Amino acid sequence: MLAVVADDRWPAAERRLAVRAAFGCDPGAAAPVLRRMLDGLAEPAAAARLDPDDELRGVALSMLWPHHLDVEAMLGALRPSPVQMRFGWCERFLSTMVRDCPDAWLGRVLEWLRAEAGRSFTTAQLTSLVDAVVDRALDGRDAAARLPALAAVVVGRFSAYKKVRFPAALDRLDPTGRELERSRTLRLAFADALVREAVRATADFRYPLMMCLQGWRRDLPAMAGMAEDTDSRAGRYSLLDHADHAWAEERGERAAREGESDVAAAYGWLADALSTDDADAGRSAGGDGYGYGRGEPHEAERDEMEPWVEAEAFAAEQRDRLRRARAGSADDFWQLVWWLQVDPTTGEGLSRCSDDIARWPGTSVLGPGAAAELGAAALAYVTGHHDHREEWLGRSLENRRALAGYLALALLHRQGRIEELPAAVWAAWDAAILEVGASFEGGPGSGVRSALLAAAARRAPEDFARTVDRMVRADLAAGSFPWGLRQVDAGWSEALREALERLARGLAMALAPAADEPPGADELPEAGGPVEARETAGAGETATARETRAARATGGAGETHGGCESAGAGEPHGGCESAGAGETRGACETAGAGETRGACETAGVRGTAEPRETPEADDAVGLCCDPLVIPEPAAVPDARHEALRLWGELLTRLLAADSEAARSLAWRRVERHAASADPEARVLAVRAAEALLVADAPTAWVRLAPLVALAPAFSRELAEWCARAEGTRSGIEGLMDEAGLVRLYHWLNALRPEDDIVRPIGAHVVDPAKRVGEWRESLPRVLGQRGTPEAVRRLKELVARHPRRLQVQAALVAARAQCAEATWTPVELPEVVALLAGAEAGADIPPLPGMPATEVLAAALEAFPDMARLEFRQGVLADLGQALGLGPGRSYPVGERDVAGDHLREVARRIHADRDPVAALRALHAALADARPDDAALAALRELVPDRPGG
């Protein structure tokens, strides 16, 4: 590896990989070579030829700093990057260099930054370095002494119209929520330094001083590396605020008395700015000017806030609603739940991400025992009413009665009362669980929806299957993806599996109808009886038909429409009892429950021109057998895209449930359309092939391999589609054995055969072909991580076939190391005892009187079971280095080996080669005695340690 580093005939990308590998193996041996390489990049012409992207320089600096490179050499090696708008190794080094810089060198870095500003580097290139230096300098012991230099750097940034991240050291609170005195003292001292520097270095001090109030940047805590102390920060984004007005006036008066007229004028301007209401933006608040903050008002703001005058009336009304809801009032329950989102102290309401209403702010006004009373009201609501799906399902309408029902079920689930609900309740609310619950998916408590979906599917399987069928058909006809299908498991019931299979068959026919198909290949079986409940949202259906169907679908558990329509849910706090509960999201407020779906009546659709009023059903479940309809692109441009997404989702869920019908359907579509010249038909085969690979990659690949060989367009599109998502790739890789991974590599290599696939530097578009190349490059690493003898053998074959690919060679090295680590067994203690007793022949002759032979010492070390782990060996060597006084953070210099036994023999040889081997062996014994005092192997090692003189 060091030979590759030193040889400038190698490409820069390969040399960069070699730098990291060599330094990782032996930093001491690699450091001189890396320093010579940096010296070779000192001349601009040589650097442009050998390292055009500055990545080699950046990785070398990152490896060497700070233990193998002093501050002057490091600063001398820095160069402005020739590539703008990117984050490469040089930019990474600049952002982390200050973090690793010793305190003694920080002042030199600050001096360099002050002198460098605007000379070679642009202000944009130094942004991360300036932010880190300001933070580190103000947080150290010598912060006061560094203020003039810091002020020069910051004023220079302000003068170049660049913001600086607000320093964490000036933004600290004590446990009571007040500014720390040390932070305030340092903040004001820094402000004084900035005022004086603005007067000294600029022709007009007003702009830098205005930037002192408004020119600070706030990053998210995680971005700024301060996530651990977020709660102790004030959220300040201005250096001075109203409270500092008197301080500014006093400093200006003092400057005037001391004859500093320019400084006095600057303080006078600053005091005037702080005395106006416009400076209010600078006070420490719970959220800053960019919308980031702790979400709580600052103490000063809380003091200024007036109490909500309607708080008592609101609390009384909510308690009355709870009482009436427990008695069975549907209107009062959904209104109660809706207004639980309001904070009773401020009167402000926010949509909640959590579906746990017991934790919503409005529950605080319900009094003691609120959770139990809410549970009783929720039980009365779900058992006596239904979700009114006929008003909103598939129509992009918002219905707060359905929302309240889902939240009631979620509350009952958390209280352990779900088993009290009969099957009719699940039939009455399954649409709300599917559609309304999807809005809480991924938020706090999202596992509750999965449990409710499973319960509905198992307690009322046929009703749930009909509701899923209706939901999918309605969303598909509207040109949207049925998000409620997420988290639905096709294996929950036979009825559900059958419904999804029928939807998949119908969708395949709608997406790619083929004239040459055998009759009935993908068609739904003909029906024989009347429909139990027609669950589509078809155009032209009458209100009477819909109401009859809704009554059957809900099992009679519900009230008629009418009693709820007069209670308001969408108006402000004052008049909430006058508006309808089922309001629309857009401009559909006037549409009644009996009106037809306008989108379906106006948009052209594929399928039958007129939906049948009395379609035939083919099973006892009563699933609709009408053809699925997809809006034409002219009506809904993304309709086909969403239908294809649904096709893949249906197949994935059915194959996960081991559906033979879905597997047969997927293979028919793959084999029928893989070689098609029609891209729209071919994409259907691609999505089906992906689902087959995700379900059972080894088996699927046996049938797919001939197809990808004969159909180049299908092969390329399948690779690009599978490579798009990390989850899909890792799922396929996890199912493949070592031979299967190699077959995947050969397939992708046929599409991207070049040896060097290097990711471009800077911002760039990752197109599908690049994703395929990245997938190919990642497969050797996945294979190497297996660490099995078979993985080593397969990687050897790949190295022989592609000798120029360093990624494959590096994977082979990693695989050998892991394989050796996994198969290594330590020496047993009796073997060590026998060796010490001379029972083993051929032992090395000790090089020094009283010292054990190398093999004997290595065998004694192998007797420690933990020596099998590289981390343990590294820890012992670190303790040994400290015991021998090698310096802070320096380990005992022993080159690492892949195999534990080889590594321990290297440790033994290094002990023998030490200037004082006896002291080194004693220190090694002491380190092991401290790490593993109870290990039986310690006594055997003690026998090898020479006695002290006179001991």
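D356 is buried, with a relative accessible area of 10%; buried means under 20% relative accessible area, exposed over 50%, and partly exposed in between, with a 1.4 Å probe and protein chains only. D356 forms a salt bridge with R359, and their closest N and O atoms are 3.3 Å apart. A salt bridge here is a side-chain nitrogen of Lys or Arg within 4 Å of a carboxyl oxygen of Asp or Glu. R359, in contrast, counts as exposed at 71%.

Let me state the basis of these values. This is a predicted model, in which local features need pLDDT of at least 70 and side-chain atom pairs count only at pLDDT 80 or more, while totals for chains, interfaces and linings use all residues. Residues are numbered from 1 along each chain as its sequence is written, and side-chain values use heavy atoms, with hydrogens and water left out.

How many salt bridges does a search of the whole structure find? The search finds 57. One of them joins D332 and R324 at 2.9 Å, N to O; D332 is buried at 10%, whereas R324 is partly exposed at 27%. Another pairs D902 with R905 at 2.5 Å between the closest N and O atoms. Both lie in helix 39 (residues 900-913), 3 residues apart, about one turn of the helix. Helices are DSSP runs of H or I with at least four residues, numbered from the N terminus.

I turn now to helix 23. Its 17 residues, 461-477, should span 24 Å at 1.5 Å a residue, and the end C-alpha atoms are 24 Å apart, which agrees; the expected span is 1.5 Å times one less than the number of residues. Of the 17 residues, 15 are buried. D475 lies in this helix and is buried at 9%. Leaving aside residues up to four places away in sequence, D475 touches G394, E435, S480, F481 and P482, contact meaning heavy atoms within 4.5 Å. Just after the helix, G479 takes a positive phi of about 80°.

Finally, the largest pocket. Which helix gives the most to its lining? Helix 35 does, with 10 residues. The lining comprises 29 residues, and A21, A810, A811, V813 and A814 lie nearest the centre.

Definitions and conventions: Helices (H or I, at least four residues) and strands (E, at least two) are DSSP runs, numbered from the N terminus. On a 1 Å grid over the protein atoms alone, a cavity is a set of points where a 1.4 Å probe fits but cannot get out, and a pocket is an open set with protein on both sides within 12 Å along at least five of seven lines; lining residues have an atom within 4 Å of a point.
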